[in-house]
Amino acid sequence: MAESTPLLKASDLPLKEIPGSYGPVFWGAFKDKMDFYWREGTPKFYETRRDKYKSTVYRTNVAPGPPGFSNPQVVMLLDQKSYPILFDVSKVEKRDVFTGTYMPSTKYNGGYRILPYLDPSEEKHTKTKEFCFDVLKLSVPRILPSFHSAISECFNSWEAALAKSGKVNFATALTPATFKFNVKAFIGRDPTEAGTNSLGTSGPTYTQLWQFPQIAPILVVPVPKILIPLAEVVVHTFPIPFLFVKYFYGKLTKFFQTYATELLDLAESKHGLGREEATHNLLFYTLFNSWGGINIFFPGMLKRLGALSPEEQLEVANDVRKAISAEGGLTLKALSQMTLVTSLVYEALRIDPPVPFQYAHAKMDLVIESHDSSFSVKKGEMLAGYMPLACKDPVVFKEPDTFLPKRFMGDGSKLLKYVLWSNGPQTEEPSTSNKHCAGKDFILTMGPLFVAEIYSRYDYMQIDADGNLTILTKKRIPRRA
């Protein structure tokens, strides 16, 4: 850890003007928008301005911007000293900022402002987050068996494809497997099972079609240069009307209304939520928050695992197998004993957080500190952060850009307060009074469980630059004497 250089105390930090500029009205924002989408992308967009201003706090416009979106002006925070202000709800407001400087139409969520868009000061935030906590608690007994069943199908598919063609895009089988698991764990129903309003095998497609218009304005869409003007008009100029995905969201809603009746009863009787509002919150928890997060996190972690050497992967496998052997199976207690696996998962969440952006409005005039300066921010200004850079802060982490699986083992656990993936420090817990991810513990179970399932079955995997799984070596069973 690079903490050998003492950080200046607040009283010692010089007060400076925030560097950076929003540029001329419209054109400044339009230029930054074009830089973000087409000329630089992430993380270069943020790195370029950080280096230009020689500051981890600066003013800039962020996507999506004009002409069809609201004010894109933000104060960007990119270090471990300034970034945590985004979590302090005594100083910032988190109302309607889940997706940034714009908010998708509430039609995408049945006409309701669902939990991610609520500020903790709102009474509805407490009710909906308590409901979310109950949903997660009730899912615990289903997690291990549901995941083992779904991921085994995925592994079998990988093996068959590799035997046939020598490589497989790992997401082809992983995406439906994790979808089936998430729905079954949360509401106790296999979405592919036949029945009234069943989703069949279309659930992942319906969900991705519903998700896309909500996040499209901040996505860097890889398209050929000749198609950039078309992509810009269709995806980044104005919000995409809900009408285009109404049918798919209707299918998802009917499924939850049909098969999540016990949870909806609970929402109504215990938390005072109407069934309609509870349905749309539950759907969002399950398919946007949980599955959407896993659908980003697992592929990223797979690529990290596939880049480890055979010796490093065998060390991970031994950590898994030792714990399983000690507990007589892959149990929650066994997961808690996998120290290398746990560290590896924290490192994956540090370097590739599933949700890379955070936003908030200043509730009052504030002074924000970076490591070497302080800056005045006015009430109402929007603050924004790009977490992958904050979590690679060289003042805190040695070799910040390097994936080090053992980083958080032993004394390295002291660094966990700087792991911010869950909308707050890893060392703090979610509650109704903060915006810390309600599913924090769920993800911290699923990450090690995914790694454990892999290395309880395989010794080694290799993934190429295109995301194809090319080598999958089955676990060697020692011969008995």
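1. The structure holds 29 salt bridges, a salt bridge being a side-chain nitrogen of Lys or Arg within 4 Å of a carboxyl oxygen of Asp or Glu. The model is a predicted one, in which local features need pLDDT of at least 70 and side-chain atom pairs count only at pLDDT 80 or more, whereas totals for chains, interfaces and linings use all residues. Residues are numbered from 1 along each chain as its sequence is written, and side-chain values use heavy atoms, with hydrogens and water left out.

2. One of the salt bridges pairs Glu315 with Lys406, whose closest N and O atoms are 2.7 Å apart. Because Glu315 belongs to helix H10 (residues 310–327) and Lys406 to the loop between H13 and H14, this pair ties together parts that are 91 residues apart in sequence; helices (H or I, at least four residues) and strands (E, at least two) are DSSP runs, numbered from the N terminus. Glu315 is partly exposed at 36% relative accessibility, and Lys406 is partly exposed at 46%, where buried means under 20% relative accessible area, exposed over 50%, and partly exposed in between (1.4 Å probe, protein chains only). Elsewhere, salt bridges that share partners join Lys31, Asp32, Asp35, Arg39, Glu40 and Arg49 into one network.

3. Two further pairs deserve a look. Lys127 and Glu123 form a salt bridge with closest N and O atoms 4.0 Å apart, and both residues lie in helix H3 (residues 123–165), four residues apart, about one turn of the helix. Within this pair Lys127 is partly exposed, with a relative accessible area of 26%, while Glu123 is exposed at 60%. Lys91 and Asp88 also form a salt bridge, again with 4.0 Å between the closest N and O atoms; Lys91 has a relative accessible area of 34% and is partly exposed, as is Asp88 at 26%.

4. If neighbours within four places in sequence are left aside, Ile187 is in contact (heavy atoms within 4.5 Å) with Arg142, Phe255, Phe256, Tyr259, Ala260, Leu263 and Leu282.

5. In soluble globular proteins, nonpolar side chains tend to be buried together. On the surface, however, Ile226, Leu227, Leu230, Val233 and Val234 form a nonpolar patch, with about 510 Å² of accessible area together. Patches are made of residues with over 30% relative accessible area and no salt bridge, like charges being joined within 9 Å and nonpolar side chains (Val, Leu, Ile, Met, Phe, Trp, Tyr) within 5 Å; accessible areas come from the Shrake-Rupley method with a 1.4 Å probe, and for residues only the protein chains shown count as cover. Val234 is part of helix H6 (residues 228–236) and is partly exposed, with a relative accessible area of 47%.

6. Most residues other than glycine have a negative phi, and most peptide bonds are trans. A cis peptide bond joins Thr42 and Pro43, with omega about 0°, and Pro43 sits in the loop between helix H1 (27–39) and helix H2 (44–53). The bond from Ala63 to Pro64 is likewise cis, with omega near 10°, and Pro64 is placed in the loop between strand S2 (57–61) and strand S3 (73–77). Asn197, in the loop between helix H4 (171–187) and helix H5 (203–215), has a positive phi near 60°, and Glu399, in the loop between H13 and H14, has a positive phi of about 45°.

7. The UniProt annotation "binding site", from an unreviewed entry, covers Cys437; UniProt positions are given in the numbering used here, feature names are shortened, and annotations may be inferred rather than shown by experiment. Cys437 lies in the loop between helix H13 (387–390) and helix H14 (440–455) and is partly exposed, with a relative accessible area of 30%. Leaving aside neighbours within four places in sequence, Cys437 contacts Ser422, Asn423 and Pro430. Lys440, in helix H14, is buried at 1% relative accessibility, and its contacts, not counting residues up to four places away in sequence, include Trp421, Ser422 and Pro430.
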